Amino acid sequence: MSDKAATLDFEKFHNTIAGKPRDSPKVHNGVNPSDKTKLWDVPIATEHDLDDAVKSAQEAFKRWSKTAWKERQSLLLRLREELLSHRVEMAQMILKECGKPIQFAQGEIDGAAGILQYHATVPSPGEQTIQDDADLKLSLRYVPLGVVGAICPWNFPLILSMQKIVPGLLTGNTVIVKPSPFTPYSALKFVEMAQKYLPPGVLQALNGDDRLGPMMTEHPGIEKISFTGSIATGKRVMMSAAKTLKRVTLELGGNSACIVCPDVDVNKVAPLVALGAFFNSGQLCVASKRLYVHTDIYKEFQEAILNVVKSWKVGPAGEPGMMLGPVQNEMQYNIVKGFFEDCAVNGYQFVLGGEVGDAGGFSVQPAIIDNPPHSSRIVAEEPFGPIVPMMPWTTEEELLTRVNDTRTGLGGAVYCADHERAVNIAKQIEAGTIWINNFERPLANTFFSGHKESGIGGESGEQGLLAYMNAQAIHLYKGDVGKAPKL
């Protein structure tokens, strides 16, 4: 651990290898999505940098894997305190790199701190005795994997990095973090601030170009890849990791359905559904991307949700009172724009919105499409932006047929005053996590996973710890195999 607590500079960024900052002759920049201005320089890691990081992580693993669970938890609490001591600076950074209004940038810091807090108290999987009799003691324990590669997305760059870093460290692994090149800053800075508490090589960070991810997934010294991102990229990660039979956890895209039953109070539920659909400008893997509202309340509910969303302020993240900031990057902005154009060309009715962007940034006014065809692109695909279709339903049978007619299965939501009916509907949705009577908010203390093409394995909660460990069964037979005493 470093004995020097260097002052953090929130306008200079480095990769971190073996406990030390490392620069590179090549740099690139993130872009502030509110105004398209370039942000700070970040070094682009080379293959040599990755090799050095893996070597350092392997060396650090020898000791880190043998530290006590409680000792690691104590360090997580210190990292939490350090992060929160820089809450103001980190929130401003996330506001700029992500385009998040300040209250949501602060919320990301608090959410990351919550992940650290949860793991600082979660019990160790320990060792389980399966059988213990006169003949045999059979036990099962869990051991760390080794070096973990964490490949992280741009929509929640700190929280989603922390979902990989923290369980990885707690279970005795060493971790190399690769943030998205669109949003490298918050993860790089957290890893930098962690160095004064952790031994060199335990937690490292490499920013890179589009070559770094494949280099990590194929590197023979990395034992596991945890990836969050698109389904298409996740498939490539899995193919690449197969060359060395790495463990993989994939948290991929979704096209989650939100179901509204006829017995709800529309004025209570409409604000929750609006948040579920448009929070972070729709850039949330489990966001409600298809709204199904019972025909008996369809028009009433539509009017209520329109009134909610119309009351929000949308635009550059730094302006006061902003509710929705811009889409994070130009690539995603163009994807979202394509959905708007497809809806317009096909004559679908925009009951809200239809305006895309402005000259200064990647802002998109939220849109609701009224009852497009089931086969339409806006229903069948994931926009990952502030545009959602809204469709009526009559019977649960036809509703669930439409809801489950997708190759994704990440999340879903049900709003129903009858809790028994709500749970019955939820159990029939083919997805990993269902929220009832609230919008989609993953929690650190429960397992999060995707069904179908929305992922492999999962993370968070006590079960999520096992994704970073190998099981080892020990069979101790109690028969005497010692040498006979000499007469």
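The legends below describe several close-up views of one predicted model. Because the model is predicted, local features need pLDDT of at least 70 and side-chain atom pairs count only at pLDDT 80 or more, while totals for chains, interfaces and linings use all residues. Residues are numbered from 1 along each chain as its sequence is written, and side-chain values use heavy atoms, with hydrogens and water left out.

**View 1. The aromatic pair of Trp40 and Tyr185.** Nine aromatic pairs are found in a search of the whole structure, where rings of Phe, Tyr and Trp (its six-membered ring) pair if their centres lie within 6.5 Å, and planes under 30 degrees apart count as stacked, over 60 as edge-to-face and the rest as tilted. The ring centres of Trp40 and Tyr185 are 5.0 Å apart with the planes at 80°, so this pair is edge-to-face. Trp40 belongs to strand β4 (residues 38-43) and Tyr185 to helix α6 (residues 185-194), so the pair ties together parts that are 145 residues apart in sequence; helices (H or I, at least four residues) and strands (E, at least two) are DSSP runs, numbered from the N terminus. Trp40 and Tyr185 are both buried, a term that means under 20% relative accessible area, with exposed over 50% and partly exposed in between (1.4 Å probe, protein chains only). Together with Phe13, Trp40 and Tyr185 form one aromatic cluster.

**View 2. The aromatic pair of Phe278 and Trp312.** Here the ring centres of Phe278 and Trp312 lie 6.4 Å apart and the planes are at 80°, so the pair is edge-to-face. Phe278 is in helix α9 (residues 266-278), and Trp312 is in the loop between α10 (298-310) and α11 (330-345), so parts that are 34 residues apart in sequence are tied together by the pair. Phe278 is buried, with a relative accessible area of 0%, and Trp312, at 16% relative accessibility, also counts as buried.

**View 3. Charged side chains over the rings of Phe156 and Phe439.** A charge sits over a ring if NZ of Lys or CZ of Arg is within 6 Å of the ring centre and within 35 degrees of the ring normal. The charged end of Lys100 is placed over the ring of Phe156, 3.6 Å from its centre, and Arg441 lies over the face of Phe439, at 4.6 Å from the ring centre.

**View 4. An open sheet of three strands.** The strand order is β5-β6-β24, and the pairing is antiparallel, where two strands pair if DSSP finds at least two bridges between them. The edge strands, β5 (127-132) and β24 (469-477), each pair on one side only. Strand β6 (residues 136-144) pairs with β24 in the antiparallel sense over nine bridges, and the bridge partner of Ser139 in β24 is Ile474.

**View 5. Strand β8 and its parallel neighbours.** All five of the five residues of strand β8 (residues 174-178) are buried, so the strand is largely enclosed by the rest of the structure. Thr174, Ile176 and Lys178 are buried on one side, and Val175 and Val177 are buried on the other. Strand β7 (residues 147-151) runs parallel to β8 and is joined to it by five bridges, with Ile151 opposite Lys178. Three bridges join β8 to strand β9 (residues 203-205), also in parallel, and Val175 stands opposite Leu203 in β9.
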